[in-house]
Amino acid sequence: MIDKKNSIQKAERAVLVGLVNKTQTEEQSREYLDELAFLAETAGAITLKRFTQKLLHPDSKTFIGKGKLEEIKEYIIQKEVQVVIFDDELSGSQISNIEKILDTKTIDRSDLILDIFASRAKTAQAKLQVELAQYQYLLPRLRGMWKHLERLGGGIGTRGPGETEIETDRRIVKDKISLLRRRLQEIDKQAFTQRKDRGEFIRVALVGYTNVGKSTIMNLLSKSEVFAENKLFATLDTTTRKVVFDATPFLLSDTVGFIRKLPHHLVESFKSTLDEVREADILLHVVDVAHVGYEEQLGVVNKTLQELNAFDKPILVIFNKIDRYEANTFDPWLEEGVKQEIMSELRERWERETNGNCVFVSATERRNIDELRRTILDKVKELYRIRYPYKSEHYY
């Protein structure tokens, strides 16, 4: 991993900054900052306060107004804040200008996500993918964010005539990006060969927003231990297991979670990981129905699937965490009949919107898991009948 001054140190005191404008309402800004606080916590920071400002357009020099910056500066001095985190992507010059005024390390949402990915990367492939995304993020920000890069070599051929330090830095980063891309292409070829060697199995992939319970459902369906915890991006690497339901085998993959405002270069860098989604026969879209913004999260994932050209596959929407939904929605005094009516209306609505392709479960309480298994099995068998009719007699 590259050594950056912008990585979050454990237990750093942080403040969050968001904008309310014509593209982002006050309510949305509050939700986004909730998520940013969760991201900061995942990275190891402690959030002390949130600042928001209403502006028609972000300030080109400092993103927010000078008055708001002075207010933040006073708070930073008073509380000894060590990092300021903006919810939107900042340019290199904006970061430089803000840091001059605040005299405090300043990062944006993209940088924070990259920092989490860097700490979570375990395999050689994931580490290369994150490093590539970091360099792609830094390239347009070199002038504002870096004083200089460590020189990678000296002598003939390492510096052009009259080349400035920033141009040299830019060339070093571009060379590094090219090298990382070549290395990833080699790994991609190996991964593609491995996927081809899996034989004529129907392939099922779990997709969804980050922290919706994909890994927990993976563990339930495959009866194997896949790392799962209540943090964003708990897993970066795709895990694939062979699963057998009623003598019908298929391959089940868990994939990296999606998120709002996911940096484009991160999606590009994780292309090979997302190939599991593109090449799957069936997608299981897991949704945290207890989350206040679950509909928007569902939309973010659908939009990402469209960008990956993977939206035309059979998709089963798994509304997870119904136990928490009921706890959040029902008052203790509510009659049982009214509770059932509310849940029936919720199911009917989403059955209409998904053409019947949805299941409501609680992975932690193992509720409706048998129904989920039956539904997946029916879809897998149907695809075997269509795709491998000569094999299908063995599977149903």
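Helices (H or I, at least four residues) and strands (E, at least two) are DSSP runs, numbered from the N terminus. The legends below describe a predicted model, in which local features need pLDDT of at least 70 and side-chain atom pairs count only at pLDDT 80 or more, while totals for chains, interfaces and linings use all residues. Residues are numbered from 1 along each chain as its sequence is written, and side-chain values use heavy atoms, with hydrogens and water left out.

**View 1. The chain as a whole.** The chain has 14 helices and ten strands. Of its 396 residues, 55% are buried, a term that stands for under 20% relative accessible area, with exposed meaning over 50% and partly exposed in between (1.4 Å probe, protein chains only). The accessible surface comes to about 19,500 Å², and carbon and sulfur atoms hold 48% of that surface. Accessible areas come from the Shrake-Rupley method with a 1.4 Å probe; for residues, only the protein chains shown count as cover. Among contacts (heavy atoms within 4.5 Å) with a separation of 6 or more, 71% join residues 24 or more positions apart.

**View 2. The loop residue N309.** N309 is placed in the loop between α11 (294–307) and β9 (315–320). Its phi is near 55 degrees, a positive value in a residue other than glycine. Most residues other than glycine have a negative phi. With a relative accessible area of 64%, N309 is exposed.

**View 3. The loop residue N211.** The loop between β5 (203–208) and α8 holds N211. N211 is not a glycine, yet its phi is positive, at about 70 degrees. Its relative accessible area is 18%, so N211 counts as buried.

**View 4. S222 in helix α8.** S222 belongs to helix α8 (residues 214–222). Because its relative accessibility is 14%, S222 counts as buried. A polar atom of the S222 side chain lies 2.6 Å from the backbone oxygen of M218. Such a polar contact is a pair of N or O atoms within 3.5 Å; within protein, one must be able to donate a hydrogen and the other to accept it, and residues adjacent in sequence count only if both atoms are side-chain atoms. When neighbours within four places in sequence are left aside, S222 is in contact with R241 and V243.

**View 5. Strand β1 and its partners.** Strand β1 (residues 13–20) is largely enclosed by the rest of the structure, because seven of its eight residues are buried. Two strands pair if DSSP finds at least two bridges between them. β1 pairs with strand β2 (residues 46–54) in the parallel sense over eight bridges, and V17 has F51 of β2 as its bridge partner. From β1 the chain passes through helix α1 (residues 26–43) to β2 in a right-handed β-α-β crossover; with the strands pointing away from the viewer, the path from the first strand over the helix to the second runs clockwise. β1 also pairs in the parallel sense with strand β3 (residues 83–86), over four bridges, where L16 is the bridge partner of I85.

**View 6. The nonpolar cores.** A nonpolar core is a set of buried Ala, Val, Leu, Ile, Met, Phe, Trp, Tyr and Cys residues joined through side-chain atoms within 4.5 Å. The largest has 105 residues, and L284 and F319 have the most contacts inside it. Helix α14 (residues 369–387) supplies the largest share of this core, seven residues. Beyond residues up to four places away in sequence, F319 touches residues including V287, Y294, W350 and F360. Another core, of ten residues, lies apart from the largest one and has L128, L139, L180 and I187 among its members.
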